[in-house]
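Dear colleague,

My notes on what was found in it follow.

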Amino acid sequence: MDPFESEREAMVREQLERRGLANPRVLDAIRAVPRHLFVKNSLLKHAYADRPLTIGHYQTISQPYVVALMCDRLKLEETDRVLEIGTGSGYAAAVLAQLCERVVTVERIPELAKRARETLAKVDCRNVTVHCSDGTLGRPEEAPFDAILVSAAAPAVPETYKQQLCVGGRLVIPAGRSRSSQSLYRVRKKSDSEFAVEDLGGVAFVPLIGEKGWQNG
Ligand code: SAH
């Protein structure tokens, strides 16, 4: 029996359903992932709180609502192949793994990639592969993807991700000129050269650092 099950259920009710998220597949995916295993032991009692938490290396595990919102807006199908940029703790990758067939996730900090691999193995998540590289370049060798979720904020939407989507594919990404606050965008690829862009509202993510993102420091 999972001692955090009732906290997780309360999180779904009070943080997600109350804010209007009703997609049953996304709610079930969030119910299925033991978020407390993705946070540091010292933060266990806050694992299901309505906020991001530090995971070391100046990075964070995103707020549960933001993960659920991004997954919902990606409109995932069971057969989809998904690219995630910014593995961090591995939590969002584990949620995505419940919603689609395969997840390829990229993290730039080797220690976080290693820890995420270990946590994902512990929760028996077998359809996720964690790579350690500059995610601003995507994964051209495995493209195209049905969906791309970017968990760190870019100065602008990098062309690489648009190119690595299938026609009909969806990209959800925080972007904006400020390092501390951005908008969340959904981009849908209508054809090889046409994209529909929607602004889903204000968010605050850690920066996406790399060749097509922010410079380090
Ligand atoms: N999805 C994560 C949240 C991670 S925070 C979770 O559920 O825990 C964003 C992550 O993006 C950080 O771990 C950061 O190191 C990583 N990141 C930043 N720039 C990156 C890049 N260019 N490529 C890959 N990962 C990057």
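**The antiparallel strands**

Arg-170 has Arg-188 as its bridge partner in strand S8. Strand S7 (residues 165-175) and S8 run antiparallel and are joined by six bridges; strands count as paired if DSSP finds at least two bridges between them. Helices (H or I, at least four residues) and strands (E, at least two) are DSSP runs, numbered from the N terminus. The model is a predicted one, in which local features need pLDDT of at least 70 and side-chain atom pairs count only at pLDDT 80 or more, while totals for chains, interfaces and linings use all residues. Residues are numbered from 1 along each chain as its sequence is written, and side-chain values use heavy atoms, with hydrogens and water left out.

S8 is largely enclosed by the rest of the structure, because six of its eight residues are buried. Buried here means under 20% relative accessible area, with exposed over 50% and partly exposed in between (1.4 Å probe, protein chains only).

Strand S3 (residues 81-85) is mostly covered, with four of its five residues buried.

Why does H4 count as largely enclosed by the rest of the structure? Eight of the nine residues of H4 are buried, so the helix is largely enclosed. Among the buried residues are Tyr-91, Val-95, Leu-96 and Leu-99.

**The nonpolar core**

A nonpolar core is a set of buried Ala, Val, Leu, Ile, Met, Phe, Trp, Tyr and Cys residues joined through side-chain atoms within 4.5 Å. The largest one has 52 residues, and those with the most contacts inside it are Leu-16, Ile-30, Cys-71, Tyr-91, Val-95, Leu-96 and Val-128. Elements that each supply at least two residues to this core include helix H1 (5-16), helix H3 (64-73), helix H5 (110-122), strand S5 (128-132) and S6. H4 gives the most to this core, with eight residues. In soluble globular proteins, nonpolar side chains tend to be buried together.

**The ligand**

There are 26 residues around the ligand, and Glu-84, Ser-89, Glu-107, Gly-135 and Ile-209 come nearest; a residue is near a molecule or strand if one of its heavy atoms lies within 4 Å of it. A side-chain N or O atom of Glu-84 is 3.0 Å from a nitrogen atom of the ligand. For Glu-107, the corresponding distance is 2.6 Å, to an oxygen atom of the ligand. For Asp-134, the distance is 3.0 Å, to a nitrogen atom of the ligand. Of the 580 Å² of accessible area that the ligand has on its own, the protein covers 99%. Accessible areas come from the Shrake-Rupley method with a 1.4 Å probe, and for residues only the protein chains shown count as cover.

**Two loop residues**

Gly-135 is placed in the loop between S5 and S6 and counts as buried, because its relative accessibility is 7%. Its C-alpha atom is separated by 9.9 Å from that of Thr-160, 25 residues apart along the chain.

Asn-127 lies in the loop between H5 and S5. With a relative accessible area of 18%, Asn-127 is buried. A polar atom of its side chain lies 3.4 Å from the backbone oxygen of Cys-100, and one lies 3.1 Å from the backbone oxygen of Glu-101. Such a polar contact is a pair of N or O atoms within 3.5 Å; within protein, one must be able to donate a hydrogen and the other to accept it, and residues adjacent in sequence count only if both atoms are side-chain atoms.

With kind regards
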